[in-house]
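Please go through the structure below with the text beside it.

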Amino acid sequence: MASQTRILLSLLFLSLSPLLISCDKDPVHLHFYVHMLPNKTEVLVAKSDIPVPGSFYNFGSVIVLDNLITEGPENTSYPLGRTQGLMSVMNSLTVAWAANIVFTAGQYNGSSLAILGTDDVSQPIRELAIAGGSGYFRMAQGYITIKTYSVDFNIGGAEIEVDLYAYPAKY
């Protein structure tokens with residue numbers, strides 16, 4: 001019995017050791033807001049004629065992003081950086097993200113995180129993967145959760161609330 005317990009504990013340690021070895025910095029949790037403004041910080045660069053019910057965009061639309069990130073929900077709140085990259089619209093209320101969170105102020109100024117994944121905007125809380133980064137976040141892993149904070153149906157804009165959990169890698 002004791003040897004089985006030692007074997008199980010050894011296997012558990014070995015399964016967790018990549019996590020222990022890969023991160024020599026403290027995990028980072030950040031909370032911020034992204035301001036999405038069509039025709040100001042988001043530009044439609046490709047579209048189709050296939051409508052998506054309930055969406056401002058059609059299936060296959062590709063949007064280039066350069067959205068402001070702030071500490072608070074107001075766009076006049078302290079700016080932390082930008083979300084820069086692409087969103088593509090799927091055949092539902094889902095968008096695929098390929099973007100970077102670029103920090104331009106604060107402790108992580110000059111660093112960035114690569115974000116990938118699908119975002120079903122009909123869900124109250126969504127999750128995207130952190131697939132790397134630069135600067136302080138070089139080779140980071142982790143995830144972000146997204147909640148829609150507000151929507152402006154007149155222009156198709158939105159503010160999203162983000163909780164970021166990043167695990168910077170040892171290098």
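The paragraphs below take these topics in turn.

The model is predicted. The protein has one helix and nine strands, and along the sequence these elements run in the pattern α-β-β-β-β-β-β-β-β-β. Of the 171 residues in the protein, 37% are buried. Taking contacts between residues at least 6 apart in sequence, 47% join residues at least 24 apart.

Next comes the open space in the model. Rolling a probe the size of a water molecule over the atoms shows where empty space is left. The largest pocket holds about 500 Å³ of space. Its lining consists of 23 residues, and those nearest the centre of the pocket are Phe56, Val121, Val151, Gly156 and Ala158. Four strands each supply at least two residues of this lining: β4 (79–89), β5 (94–103), β8 (141–152) and β9 (157–167). Sorted by class, the lining of the largest pocket comprises 13 nonpolar, seven polar and three charged residues.

A single residue can be followed in more detail. Threonine 70 belongs to strand β3, which covers residues 62–70. Is threonine 70 buried or exposed? Its relative accessible area is 0%, and the cut-off for buried is under 20%, so threonine 70 counts as buried. The side chain of threonine 70 reaches the backbone oxygen of glycine 72 at 2.6 Å. Leaving aside residues up to four places away in sequence, threonine 70 touches Phe32, Tyr33, His35, Asn75, Ser77, Tyr78, Pro79 and Leu80.

The aromatic rings are the last topic. A pair of aromatic rings is described by the distance of the centres and the angle of the planes. The count of aromatic pairs comes to eight. In one of them, tyrosine 143 and tyrosine 165, the ring centres are 4.9 Å apart and the planes lie at 25 degrees. Planes under 30 degrees apart count as stacked, and therefore this pair is stacked. Because tyrosine 143 lies in strand β8 and tyrosine 165 in strand β9, the pair ties together parts that are 22 residues apart in sequence. Tyrosine 143 is partly exposed, with a relative accessible area of 28%. Tyrosine 165, at 24% relative accessibility, also counts as partly exposed.

Conventions
Residues are numbered from 1 along each chain as its sequence is written. This is a predicted model: local features need pLDDT of at least 70, side-chain atom pairs count only at pLDDT 80 or more; totals for chains, interfaces and linings use all residues. Side-chain values use heavy atoms; hydrogens and water are left out. On a 1 Å grid over the protein atoms alone, a cavity is a set of points where a 1.4 Å probe fits but cannot get out, and a pocket is an open set with protein on both sides within 12 Å along at least five of seven lines; lining residues have an atom within 4 Å of a point. Grid points are joined across faces, edges and corners, and a volume is the space filled by probe spheres set on the points. Ala, Val, Leu, Ile, Met, Phe, Trp, Tyr, Cys and Pro count as nonpolar, Asp, Glu, Lys and Arg as charged, and the others, Gly among them, as polar. Buried means under 20% relative accessible area, exposed over 50%, partly exposed in between (1.4 Å probe, protein chains only). A polar contact is a pair of N or O atoms within 3.5 Å; within protein, one must be able to donate a hydrogen and the other to accept it, and residues adjacent in sequence count only if both atoms are side-chain atoms. Contact means heavy atoms within 4.5 Å. Rings of Phe, Tyr and Trp (its six-membered ring) pair if their centres lie within 6.5 Å; planes under 30 degrees apart count as stacked, over 60 as edge-to-face and the rest as tilted.
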